[in-house]
Amino acid sequence: MTGLVEGKAVLVTGAGSGIGEAIARLFACEGARIGVADLSLQAAERVCSAIISAGGEAAAIQADVSDEAQVEAMVAKTVERFGRLDGAVNNAGVGQERKPLPEMSRAEFEAVLAVNVVGAFLCMKHEIPRMVGQGGAIVNIASMSGIEGVPMMSAYSASKHAVNGLTKSAAVEFARRGVRINSVCPGTVNTPAIQAYAAAGVDFNAIIPTPIGRIAESDEVAQAALWLISDRSSYVTGLPLWIDGGMNAAPFVVP
Ligand SMILES: NC(=O)c1ccc[n+]([C@@H]2O[C@H](COP(=O)([O-])OP(=O)(O)OC[C@H]3O[C@@H](n4cnc5c(N)ncnc54)[C@H](O)[C@@H]3O)[C@@H](O)[C@H]2O)c1
């Protein structure tokens with residue numbers, strides 16, 4: 001039996017942890033060859049080794065997505081290694097310290113935008129030309145914070161709204177040139193980033209009660225990205241796909 005993304009060359013950013021790691025591992029199980037990119041080379045190499053040990057094909061790449069030269073080199077290394085680029089999941093992102101907007105410095109605000117917005121822009125800027133003509137699919141990992149506002153997380157929420165705007169605009173620009181571009185918008189996901197907030201006393205189940213009654217696991221987000229990169233979603237582009245346990249369906253929770 002062949003995998004859902006058999007033979008495709010797929011670049012995953014922020015693949016050294018959490019959702020990105022789950023995406024890299026799942027895609028490899030489904031037959032893709034993976035460019036495992038992360039700010040931390042050590043983290044990228046750990047995930048790459050795990051994929052290779054499980055019989056998959058992967059290359060570890062160190063890259064900071066907020067630096068254009070590094071993004072250009074990251075895409076070039078993936079193409080050099082696998083001969084082409086069929087898919088990309090732009091997942092690398094950072095959170096912010098929870099605080100009221102007036103207490104945030106300009107530097108803190110811009111640091112979030114540099115990775116989440118400029119990073120997604122730079123990745124698409126260098127990925128799309130590799131796909132035009134041959135076809136390809138891009139998934140940007142946005143957030144439900146890119147659909148709704150989030151008190152005490154204004155920079156993060158603004159950055160993810162921007163990711164959805166970039167996604168929809170680019171999707172329409174390239175819809176007739178064979179490149180589909182979608183975003184995945186998770187609610188709260190059980191990853192090291194969220195575990196750090198939890199360790200600081202934030203109870204996500206209390207402040208964001210989801211109808212399903214629990215936060216998501218990384219693999220549940222990875223499955224959505226898999227479908228959007230695969231040819232099964234061939235008529236889907238410009239979609240912000242909510243993976244939110246029903247959170248946005250109604251302003252009520254039935255206990
Ligand atoms: N965890 C959640 O609840 C949640 C919810 C919605 C959206 N998201 C989004 O999902 C994505 C992954 O989140 P996660 O929870 O898995 O985070 P994580 O912190 O577990 O992993 C993020 C990875 O990105 C890497 N990274 C950070 N800055 C980078 C940069 N400048 N260049 C390259 N790599 C960089 C980190 O080294 C890390 O390996 C992010 O975009 C995040 O905003 C997360």
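Trainee: Which residue stands opposite Ala 37 in strand 3?

Mentor: Ile 61 does. Keep in mind that this is a predicted model. Now widen the view to both strands. Strand 2 covers residues 33–38, strand 3 covers residues 57–62, and six bridges join them. The two strands run parallel.

Trainee: Which residue of strand 3 is the bridge partner of Arg 33?

Mentor: Glu 57 is the bridge partner of Arg 33. Next, follow the chain between the two strands.

Trainee: How many bridges pair strand 1 with strand 2?

Mentor: Four bridges, again in the parallel sense. Strand 1 spans residues 9–12. Look for Val 12: Val 36 in strand 2 stands opposite. There is a β-α-β unit here too, made of strand 1, helix 1 and strand 2, and this unit is right-handed.

Trainee: Which way do the side chains of strand 2 point?

Mentor: Start with the general idea. In a regular strand, side chains alternate between the two faces of the sheet. Now the case here. Arg 33, Gly 35 and Ala 37 point one way from strand 2. Ile 34, Val 36 and Asp 38 point the other way.

Trainee: Are the residues of strand 2 buried or exposed?

Mentor: All are buried, on both sides. Strand 2 is mostly covered, with six of its six residues buried.

Trainee: Let's turn to helix 1. How many residues does helix 1 have?

Mentor: Helix 1 has 12 residues. To read a helix, compare its reach with its expected span. From first C-alpha to last, helix 1 reaches 17 Å, close to the 16 Å expected at 1.5 Å a residue. Then check the cover: 11 of the 12 residues are buried. Among them are Gly 18, Glu 21, Arg 25 and Phe 27.

Trainee: Why does Ile 23 count as buried?

Mentor: Count the C-beta atoms around it. A residue is buried if 20 or more others lie within 10 Å. Ile 23 has 32, so it is buried. This residue lies in helix 1.

Trainee: What comes just after helix 1?

Mentor: Gly 31, with a positive phi of about 95 degrees. Gly 31 sits in the loop between helix 1 and strand 2. It has 16 C-beta neighbours inside 10 Å, so Gly 31 counts as partly exposed.

Trainee: Which residues does Gly 31 touch?

Mentor: Beyond four places in sequence, Gly 31 touches Thr 2, Gly 3, Val 5, Glu 6 and Gly 7. Take Gly 3. It is 28 residues from Gly 31 along the chain, yet their C-alpha atoms are separated by 5.0 Å.

Trainee: Which residue has a positive phi although it is not a glycine?

Mentor: Met 152, with a phi of about 75 degrees. Find Met 152 in the loop between strand 5 (136–141) and helix 5 (154–173). Met 152 is partly exposed, because 16 other C-beta atoms lie within 10 Å.

Trainee: What do the buried residues of helix 5 pack against?

Mentor: They pack against helix 4, strand 5, strand 6 (179–186) and strand 9 (240–243). The buried residues include Ala 155, Tyr 156, Lys 160, Val 163 and Leu 166. Helix 5 has 20 residues and reaches 29 Å, close to the 28 Å expected.

Trainee: Last topic, the ligand. Which residues come nearest?

Mentor: Of the 30 residues around the ligand, Gly 14, Ser 17, Gly 18, Gly 93 and Thr 191 come nearest. Helix 1 (18–29), helix 4 (106–131) and helix 6 (192–199) each supply at least two residues of the shell.

Technical notes. Residues are numbered from 1 along each chain as its sequence is written. This is a predicted model: local features need pLDDT of at least 70, side-chain atom pairs count only at pLDDT 80 or more; totals for chains, interfaces and linings use all residues. A residue is near a molecule or strand if its C-beta atom, placed from the backbone, lies within 6 Å of it. The expected span of a helix is 1.5 Å times one less than its number of residues. Two strands pair if DSSP finds at least two bridges between them. A crossover is right-handed if, with the strands pointing away from the viewer, the path from the first strand over the helix to the second runs clockwise. Two residues are in contact if their C-beta atoms, placed from the backbone, lie within 7 Å.
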